[in-house]
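Subject: Structure handover

Hi,

Here is the structure for you to look over. My notes follow directly below.

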Amino acid sequence: MFAHIDGIVAEKGTDYLVIDCHGVGYLLNVSGATLSVAPPVGERMKLYCVLNVREDAMELFGFHSREEKRMYERLKGVTGVGSRTALQILSAMSVRDLSIALVSGDANALTRVPGIGKKTAQRLVLELKDKIDDEQLVGAAASTAPAVSASGPEAEAIEALLALGYSSAEAAKSVARVAGQTTDVNQLIFLALKGGK
């Protein structure tokens with residue numbers, strides 16, 4: 001129904017923005033990432049939107065980038081992950097870090113998000129691992145949320161490949177192909193390099 005809303009920031013809360021469009025104020029639930037890039041009250045902002053309709057409420061969710069909106073929709077499609085949980089994940093992790101954690105199978109990074117247990121983290125990895133595209137791995141440059149970075153040997157191996165000139169997408173995919181074969185970082189790097197770009 002709503003693709004985006006472009007207007008004046010009328011109000012900023014801890015997890016929402018009110019955008020004034022020609023005298024109508026739209027309350028949009030937003031992530032910490034979107035809130036952190038929002039301009040001061042009185043300045044213009046464009047937000048990409050998702051309308052969530054429930055039996056008892058209609059809620060608008062706003063995102064500062066198409067990548068963040070797309071990731072929100074993917075997260076919400078996972079069994080047991082609702083709108084609020086998806087927004088909480090995006091408040092804790094940037095789209096890029098979340099994408100790397102999912103592609104590399106790093107469920108531990110996801111468990112650091114408040115409210116995400118081990119089973120939910122594993123379900124997220126299982127259902128979304130193959131649905132992440134290169135755009136989300138490489139970019140989401142505007143995603144500036146305080147990041148909970150992917151951790152563990154997979155993340156270290158990805159960082160090493162980045163230092164060797166791999167792109168984010170290439171590094172994440174190379175490590176994802178060999179993830180789980182060993183917990184030794186050097187061995188993971190070797191196996192990822194052996195697999196090629």
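His22 sits in the loop between β2 (16–21) and β3 (24–30). Helices and strands here are DSSP runs, with helices being H or I of at least four residues and strands E of at least two, numbered from the N terminus. His22 has a positive phi of about 55°, although it is not a glycine. Most residues other than glycine have a negative phi, and most peptide bonds are trans. His22 counts as exposed, at 81% relative accessibility. On that scale, buried means under 20% relative accessible area, exposed means over 50%, and partly exposed lies in between (1.4 Å probe, protein chains only).

A word on provenance. This is a predicted model, in which local features need pLDDT of at least 70, side-chain atom pairs count only at pLDDT 80 or more, and totals for chains, interfaces and linings use all residues. Residues are numbered from 1 along each chain as its sequence is written, and side-chain values use heavy atoms, with hydrogens and water left out.

Overall picture

The protein chain has 10 helices and 5 strands. Of its 197 residues, 48% count as buried. Take contacts in the chain with a separation of 6 or more: residues 24 or more positions apart account for 59% of them. Contact means heavy atoms within 4.5 Å.

Cores

The largest nonpolar core has 44 residues. Such a core is a set of buried Ala, Val, Leu, Ile, Met, Phe, Trp, Tyr and Cys residues joined through side-chain atoms within 4.5 Å. Leu75, Leu98, Leu102, Leu110 and Leu124 have the most contacts inside this core. Helix α4 gives the most to it, with 6 residues. Leu75 touches Val81, Ala86, Ile89, Leu90, Leu98, Leu124 and Leu128, leaving aside residues up to four places away in sequence. There is also a second, separate core of 13 residues. Val9, Leu17, Cys21 and Leu35 are among them.

Helices α4 and α9

Two packed helices are described by the angle between their axes and the distance between the axes. The axes of α4 (residues 95–103) and α9 come within 9 Å and cross at roughly 25°. Axes are lines fitted to C-alpha atoms, for helices over the stretch in contact, and angles run from 0 to 180 degrees between N-to-C directions. The two helices are therefore roughly parallel to each other. The cut-offs are under 35 degrees for roughly parallel, over 145 for roughly antiparallel and 65 to 115 for roughly perpendicular, with the rest oblique.

From α4, the contact uses Arg96, Ile100 and Val103. From α9, it uses Ser168, Ala172, Lys173 and Ala176. These residues divide into 4 nonpolar, 1 polar and 2 charged. Here Ala, Val, Leu, Ile, Met, Phe, Trp, Tyr, Cys and Pro count as nonpolar, Asp, Glu, Lys and Arg as charged, and the others, Gly among them, as polar.

Helix α9 (residues 168–178) is mostly covered, with 8 of its 11 residues buried. They are Ser168, Ala169, Ala171, Ala172, Ser174, Val175, Ala176 and Val178. Just after α9, Gly180 takes a positive phi of about 90°.

Salt bridges

The count comes to 5 salt bridges. The rule is a side-chain nitrogen of Lys or Arg within 4 Å of a carboxyl oxygen of Asp or Glu.

Arg44 pairs with Asp6, the closest N and O atoms being 3.1 Å apart. Arg44 lies in strand β4 (residues 44–53) and Asp6 in strand β1 (residues 4–12), so the pair ties together parts 38 residues apart in sequence. Arg44 is exposed, with a relative accessible area of 53%. Asp6 is partly exposed, at 32%.

Glu59 and Arg54 also meet in a salt bridge (2.9 Å, N to O). Glu59 counts as buried, at 14% relative accessibility. Arg54 is partly exposed, at 41%. Arg84 bridges to Glu59 too, with the closest N and O atoms 2.5 Å apart. Arg84 lies in helix α3 (residues 83–92) and Glu59 in strand β5 (residues 58–63), so this pair ties together parts 25 residues apart in sequence. Salt bridges that share partners join Arg54, Asp56, Glu59 and Arg84 into one network.

Helix α10

Val185 lies in α10 (residues 185–195). Val185 touches Pro153, Glu156 and Ala157, again leaving aside residues up to four places away in sequence. The C-alpha atoms of Val185 and Ala160 are separated by 9.3 Å, and the two residues are 25 apart along the chain.

Best wishes
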